[in-house]
Amino acid sequence: MPYVVLVALSLSAAGISMGFLDTGGNVMCLKTWGEKSGPYMQILHFSFALGATLAPLLSQPFIMDTPQNCTFTSSQNSTSLSSTSTPVRGTTEVLETPDMKFPLVAWAFLISSGFCILVALLFCYIAWSWSNAVPSDQKNTSIEEGQNFRMKMLGLLFIFYLLYVGTEVTFGSYIYSFATISENHYSKEEASFLNTLFWGTFAIGRFLSIFVSIWVTPNRLLQMDLVGTLTASVIMTCFPLYAENSGFLLWIAVALYGLSMANIFPSGISWVEQYITVTEKAASVLVIGAALGEMLFPLLLGQLIEANAMILPYFTAVSTVACILNYILMLWVAKSRGKRLNKTAKFEVVEKTGDYGENSSLMNDYKTEEGL
């Protein structure tokens with residue numbers, strides 16, 4: 001019992017620390033690079049996906065291999081929150097060192113904690129030595145934005161990230177189960193490959209977004225991602241129609257879904273930063289929404305998917321449509337105000353007087369940038 005309490009305390013501390021890291025990392029990126037933070041935000045979130053992909057591979061040598069008792073373990077790592085579900089072989093015992101007192105698997109935790117301590121020390125060094133040397137590129141316009149506008153945008157973003165992260169984690173956690181209990185009854189190996197395909201394309205998508213975001217605006221990226229997720233969701237929803245003769249369509253849909261889901265989180269933050277100042281408190285609202293979706297959606301779907309495997313693609317499609325509608329509403333609210341830097345004041349004059357005058361070209365540029 002004392003060991004269970006100790007593990008619970010350790011996991012609680014890890015969860016709280018991840019919340020701080022999620023919030024602080026995104027805000028720090030925006031404060032450091034300001035309007036030019038797009039590619040750096042993508043790099044930040046790609047690093048989460050890369051770490052979540054490599055961690056199970058690096059820890060595998062420290063775990064007993066028991067192929068006669070294969071199971072599936074879900075491992076979640078949030079960017080938040082980016083999640084990863086990794087198929088690993090089930091274990092019934094843990095390898096121990098020759099003295100049979102110190103389990104070998106403990107070395108995996110010691111090595112990972114060593115990396116964490118090293119990174120923490122580097123961050124402390126940067127915070128103490130460079131805090132006054134590097135000015136922030138983020139311009140705080142919270143007062144000019146108005147509390148009402150900020151509350152509307154943050155409320156919609158809370159719902160958006162709750163739906164997005166909840167769907168991402170749920171899909172990654174149950175795509176293996178969906179494959180094994182669906183009409184085709186995929187083998188465990190095939191289900192594992194399908195799960196790996198999703199998270200592999202997810203990581204690739206985040207890597208590619210680093211370069212794409214240099215030329216494509218965050219708003220365009222969001223639009224492409226949402227169209228991609230909707231297309232993939234529709235294909236997966238129609239799975240019973242092609243399961244027997246065209247099963248490869250499911251693999252294409254899963255790959256497209258992973259690529260499309262990859263950069264929604266960082267692109268959303270970069271996009272909203274154009275309209276409101278993403279402070280620590282604002283970022284915490286997004287992280288709380290993401291964490292809530294990550295906690296609730298898998299719990300609810302887990303109770304239903306065993307009875308009907310198609311619950312997963314149906315849920316994915318409904319959640320995707322809800323995200324798109326929420327995005328359209330956010331775009332409408334943001335359009336009514338305009339970008340917060342350089343243009344906000346001019347837009348306010350135009351809205352009040354109704355006279356575009358010399359601001360007509362500015363309005364046209366704004367609409368062109370936003371794809372409106």
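Rings of Phe, Tyr and Trp (its six-membered ring) form an aromatic pair if their centres lie within 6.5 Å; planes under 30 degrees apart count as stacked, over 60 as edge-to-face and the rest as tilted. By this criterion, a search of the whole structure finds 16 aromatic pairs. The model is predicted, so that local features need pLDDT of at least 70 and side-chain atom pairs count only at pLDDT 80 or more, whereas totals for chains, interfaces and linings use all residues. Residues are numbered from 1 along each chain as its sequence is written, and side-chain values use heavy atoms, with hydrogens and water left out.

**Overall organisation**

The secondary structure of the protein chain consists of 14 helices and 0 strands. Helices (H or I, at least four residues) and strands (E, at least two) are DSSP runs, numbered from the N terminus. Of the 372 residues in the protein chain, 44% count as buried. Buried denotes under 20% relative accessible area, exposed over 50%, and partly exposed in between (1.4 Å probe, protein chains only). Where a contact means heavy atoms within 4.5 Å, 80% of the contacts in the protein chain between residues at least 6 apart in sequence join residues at least 24 apart.

**Aromatic residues**

Two of the aromatic pairs involve Trp271, as the table shows.

| Pair | Centre to centre | Angle between planes | Class |
|---|---|---|---|
| Trp271 and Tyr275 | 5.2 Å | 55 degrees | tilted |
| Trp271 and Tyr327 | 6.1 Å | 55 degrees | tilted |

The pair of Trp271 and Tyr327 links distant parts of the chain: Trp271 belongs to helix α10 (residues 264-272) and Tyr327 to helix α12 (residues 311-337), 56 residues apart. Trp271 counts as buried because its relative accessibility is 0%, and Tyr275 counts as buried because its value is 1%. Tyr327 is likewise buried. Elsewhere, one aromatic cluster is formed by Phe171, Phe198, Trp199, Phe202 and Tyr257.

**Surface and helix α6**

The protein chain exposes about 19,700 Å², of which carbon and sulfur atoms supply 69%. Accessible areas come from the Shrake-Rupley method with a 1.4 Å probe; for residues, only the protein chains shown count as cover. A nonpolar surface patch of about 900 Å² is made by Ile204, Phe207, Leu208, Phe211, Val212, Ile214, Trp215, Met224 and Leu259. Patches are made of residues with over 30% relative accessible area and no salt bridge; like charges are joined within 9 Å, and nonpolar side chains (Val, Leu, Ile, Met, Phe, Trp, Tyr) within 5 Å. A salt bridge is a side-chain nitrogen of Lys or Arg within 4 Å of a carboxyl oxygen of Asp or Glu.

Helix α6 (residues 188-215) provides the largest share of the nonpolar patch, 7 residues. Leu208 lies in this helix and is partly exposed, with a relative accessible area of 44%. Ala203 is also found in helix α6, but counts as buried because its relative accessibility is 12%. The C-alpha atoms of Ala203 and Phe48 are separated by 8.9 Å, although these residues are 155 apart along the chain.

The expected span of a helix is 1.5 Å times one less than its number of residues. Helix α7 (residues 218-237) has 20 residues and should span 28 Å, which agrees with the 28 Å between its end C-alpha atoms. Among the buried residues of α7 are Pro218, Asn219, Asp225 and Met236. Helix α11 (residues 280-302), with 23 residues, reaches 33 Å from its first C-alpha to its last, close to the 33 Å expected. The buried residues of α11 include Gly289, Gly293, Glu294 and Phe297.
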